[in-house]
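Please read them with the structure open.

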Amino acid sequence: MIWAGVLVASAACYALKLAGLSLPQRWLQDARVQRTVPLLPVALLAALIATQTFSTGHHLVLDVRAAALAVAAIAVLLRAPFLVVVASAAATAALLRLV
Amino acid sequence: MFTGASQFAMVGVIGAGGSEWAGAATAALLGTRNALYGVRLSSLLGVTGPRRAASAHFVIDETTAMAIARDTAEKSRFAFWATGLAVFTLWNMGTLIGAVATHALSNPKVLGLDAAPPAAFLALLAPRLRAREPLAIAFGAGIVALVVLPFVPAGVPLLIVATLVAVFGLRR
């Protein structure tokens, strides 16, 4: 059933893009829509970061992933490229697990 | 689906034990920003009919950023299609390589790969945090997601957060 979810999500993501290009401009230029839509990725990405770093299943945990996220944050502040941010986090987690 | 944050999020939700529908909903919610990009791009691209249907697939962060930074519509169109084709090709080649290569790994945790997605999300999030309000919303969203996490099915914390921020944005 995963593929059904993938297909539905793909269709939805494509439809949103096409709607943006096709719908009358004023519908999506409503001030409240313009203000709210950019907040969605901010909230969702932050929630993804929090849940994937500080939880396992239904339990809140603090482990090497927190340190990896801290290293990633430093890399972001230093304006490191995307791949460096991701690789530094993975390397931090891998090295701390060896200790 | 050709929009990175949605792809990562869908895999993340399902990987954490969430249902494919929670994953699909999260992916679609992350894709809403592409509709706003379309509004900015439609006047620059001036496409209709089948060409519009084809160009819609390329409406992503990267192509929008490259297209709106040009000073003429002609350069915008070139930037859009060049960026779109380049990202589409390389992104999907990278995805294929990853899919094949990770089959060879017995335990991705040894390479710290479970710590990679949050770092990727952080890199995607950081450019959106240049003002105080999004920064506050990001911290609030992270805290709310962790508070509700023990009590609801996997993936649902994200939908709760999305609902709260939508209500907050629309009612203000």
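1. A residue is called buried if 20 or more other C-beta atoms lie within 10 Å of its own, exposed if 12 or fewer, and partly exposed in between, with C-beta atoms placed from the backbone. By that count, 39% of the 99 residues of chain A are buried.

2. This is a predicted model, in which local features need pLDDT of at least 70 and side-chain atom pairs count only at pLDDT 80 or more, while totals for chains, interfaces and linings use all residues. Residues are numbered from 1 along each chain as its sequence is written, and chains are lettered from A and ligands numbered from 1 in the order in which they are written. The model has an ipTM of 0.89 and a pTM of 0.86. For chain B the average pLDDT (the predictor's confidence in each residue, from 0 to 100) is 90, and 100% of the residues score at least 70.

3. Chain A has six helices and two strands, in the order α-α-α-α-β-β-α-α from the N terminus. Helices (H or I, at least four residues) and strands (E, at least two) are DSSP runs, numbered from the N terminus. The radius of gyration of chain A is 19 Å, well over the 13 Å that the globule rule gives for 99 residues, so chain A is more spread out than a compact globule. The radius is taken over C-alpha atoms, and the rule is 2.2 Å times the number of residues to the power 0.38. The C-alpha trace of chain A spans about 60 × 40 × 25 Å along its principal axes.

4. A nonpolar core is a set of buried Ala, Val, Leu, Ile, Met, Phe, Trp, Tyr and Cys residues joined through C-beta atoms within 7 Å. The largest has 61 residues, of which A:A43, A:L44, A:A89 and B:A119 touch the most other members. α4(A) gives the most to this core, with 12 residues. Not counting residues up to four places away in sequence, A:A43 touches B:I137, B:A141, B:V161, B:A162 and B:V165.

How values were computed
Two residues are in contact if their C-beta atoms, placed from the backbone, lie within 7 Å.
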